[in-house]
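Me: Please take me through this structure, one topic at a time.

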Amino acid sequence: MIRFILNDKLVETELPSGSTVLDFVRYHKRLAGTKIGCREGDCGACTVLVGDMEGDKLNYRSMTSCLMPLGNAHGKHIVSVEGINMKELSPVQQAMVDTNGTQCGFCTIGFVMSLTGFVLNENAKQYEQAIASVDGNICRCTGYKSIERAAIIVSDKMNNKPGTETIGWLVKNNFIPGYFLNIKERLARLRETIRGEENKTREVKMMIGGGTDLVVQKALAVKQSAVEHLSGKDELNGIRLHNGQCYIGGAVTVTAFAESELIRGFFPALDKYIKLVSSTPIRNMATLAGNIVNASPIGDMSIFFLALDSELLLTKNGVQRKQKLKDFFKGYKQTDKSVDEIIEQIIFTPPQSSIFNFEKVCKRTHLDIASVNAACLYQVNERGEIVSIHLAAGGVAPFPKYLGRTGAFLQGKKITAAVLKEAIQVMNEEIAPISDARGTAEYKRLLARQLFLAHFQNQPGLIKQVIGA
Ligand SMILES: Cc1cc2nc3c(=O)[nH]c(=O)nc-3n(C[C@H](O)[C@H](O)[C@H](O)COP(=O)(O)OP(=O)(O)OC[C@H]3O[C@@H](n4cnc5c(N)ncnc54)[C@H](O)[C@@H]3O)c2cc1C
Ligand code: FES
Ligand code: FES
């Protein structure tokens, strides 16, 4: 039985846990405000808000309901546009009307939900954050300028929003209906009920994290299978430092990783990197282990963790084993993982005095997969010699590529233009990009070279010498 709160009502359903929240909301609950556009997480027309307890806080995140498995709603608060409708339009809805931010209206629900997600975030007040909240929403009519004006109006209204008691303030100011005030207590009671029901065993045919890969690729199979939902498992969540190593649960989402104070302390430019990964609603669902098991040759987080020389902790029936991530990828979409093995933890030594960099080039700046991406972690001694280096690149091989030979060549060498030129030659022997929709093989080699050099952007003079500028 899947139980959750949908808008202001508790719902219980025996529908397949791999069916989507979108179909449940529209076809079973007849709440037709949530729209169907692409069913691939690209357009945002199906955006809902998902409220869940994070520690002792109730946080709301925007998610694309077309990819969200119904089982992932278990124990949560799902808000469709009907759940924020009141007698009068909310200030978010009104701003969209006042600025002509809506024309045909098909995308409007998605924008309203994303902007409502923005106002529900107690740290969000700035216009830039309002705009970032709609990075997963596409509009074919307005040209976006009117929606940008709506975002200005909404963010201006956030000036008086208190840092705590956000929900109370939003209710008082008619952003959301009054029933939101009781959701925290209702979720706590629901959790109690659910806890008493757990530990029922059944044969599992498919494991799912956020569903942002699996539901796009195999929606019907997911719906028809017995699905194990990994996202809610305690042992797969959490981010912690232990004996100098960082342990990240496999079900930690890209958003949770990016928001972790611990992680932010290790990667000062993290926001810049993460902005390049999918969109807000997808990052809110996508897990780190899902990115790795997906084994896409251009998986961003795989490249990120390869450059950290990460290790995986895999479990199966209580038996654990560790494996270096660089040895995990075996071929196109092939990994060294048996079907029912679970990535429980991703482990890496945090960069201390090392330099870390992540780069990505795609056809569009946002909400696009990479033509080539690259990451590097290196440490230099006082003589300018590289004492340790790990490099990775995507889009240049059938799987996320750890550039072991290039790293070995650079090890112990002083960073000079001549050394970097030679390293590029070694890298070119190590990679084998193919021509496809993301660019020709030649173009990808050029990108790989540029991104490699970008890791040394702290020495611009050197790069100029390499490229002959
Ligand atoms: C619109 C859109 C944009 C995207 N943009 C990007 C992008 O910019 N960059 C990028 O890298 N990716 C992107 N993706 C791909 C996807 O979001 C990521 O690969 C994501 O990290 C997958 O995680 P998930 O939890 O949703 O995986 P799921 O779909 O739940 O699962 C993927 C695979 O991993 C397995 N799995 C999941 N968790 C575990 C675990 N703990 N242990 C063992 N197996 C597990 C599942 O069984 C499945 O085989 C995008 C996807 C969409 C829909
Ligand atoms: S229908 Fe397009 S993102 Fe869900
Ligand atoms: S108003 Fe028509 S798609 Fe946005």
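**Notes on the model**

Me: How many other C-beta atoms lie within 10 Å of Arg-26?
Reply: Arg-26 has 19 other C-beta atoms within 10 Å and is therefore partly exposed. A residue is called buried with 20 or more such atoms, exposed with 12 or fewer, and partly exposed in between, the C-beta atoms being placed from the backbone.

Me: Before we continue, what kind of model is this?
Reply: This is a predicted model, in which local features need pLDDT of at least 70 and side-chain atom pairs count only at pLDDT 80 or more, while totals for chains, interfaces and linings use all residues. Residues are numbered from 1 along each chain as its sequence is written, and chains are lettered from A and ligands numbered from 1 in the order in which they are written.

Me: Back to Arg-26: which helix holds it, and what does it touch?
Reply: Arg-26 belongs to helix α1; helices (H or I, at least four residues) and strands (E, at least two) are DSSP runs numbered from the N terminus. Leaving aside residues up to four places away in sequence, Arg-26 touches Leu-31, Ala-32 and Thr-34. Contact requires C-beta atoms, placed from the backbone, within 7 Å.

Me: How many Å separate the C-alpha atoms of Arg-26 and Gln-457?
Reply: These C-alpha atoms are separated by 50 Å, and the two residues are 431 apart along the chain.

Me: Turning to the ligand, which residues are closest to ligand 1?
Reply: Gly-41, Gly-209, Gly-210, Gly-290 and Asn-291 are the closest of the 33 residues that surround ligand 1. Membership means a C-beta atom, placed from the backbone, within 6 Å of the molecule. Two or more residues of this shell come from each of β6 (206-208), α8 (214-224), α12 (280-285), α13 (288-294), α14 (300-307) and β14 (342-348). The largest share, five residues, is that of α13.

Me: What is the make-up of that shell by class?
Reply: The shell around ligand 1 holds 17 nonpolar, 12 polar and four charged residues. Here Ala, Val, Leu, Ile, Met, Phe, Trp, Tyr, Cys and Pro count as nonpolar, Asp, Glu, Lys and Arg as charged, and the others, Gly among them, as polar.

Me: Between which domains does ligand 1 lie, and why?
Reply: Ligand 1 lies between domain 1 (2-84 + 178-229) and domain 3 (234-467), because both give residues to its shell. The protein also has domain 2 (91-172); the bounds come from an automatic or database domain assignment.

Me: How far apart are the centres of domain 2 and domain 3, and how many residues are in contact?
Reply: Taken over C-alpha atoms, the centres are separated by 33 Å. Four residues of domain 2 are in contact with six residues of domain 3. The domain 2 side of this contact consists of one nonpolar, two polar and one charged residues.

Me: Where else does a residue other than glycine take a positive phi?
Reply: Asn-7 has phi near 55°; this residue is in the loop between β1 (2-6) and β2 (9-13) and is buried, with 21 other C-beta atoms within 10 Å. Arg-39 has phi near 60° and lies in the loop between α1 (21-28) and β3 (47-54). With 18 C-beta neighbours inside 10 Å, Arg-39 is partly exposed.

Me: Now the sheet: what is the strand order in the open sheet of five strands?
Reply: The order is β2-β1-β5-β3-β4, with mixed pairing; strands pair if DSSP finds at least two bridges between them. At the edges stand β2 and β4 (57-64), each with a single partner strand, so one side of each has no neighbour in the sheet. Within the sheet, β1 and β5 (residues 77-79) are parallel over two bridges, and Ile-5 stands opposite His-77 in β5.

Me: Which strands does helix α7 touch?
Reply: Helix α7 (residues 183-197) packs on the sheet and touches β1, β3, β4 and β5, its direction making about 175° with that of β1. Axes are lines fitted to C-alpha atoms, for helices over the stretch in contact, and angles run from 0 to 180 degrees between N-to-C directions. Helix α3 (residues 108-120) lies across β3 and β4, at about 25° to β3.

Key: Two residues are in contact if their C-beta atoms, placed from the backbone, lie within 7 Å.
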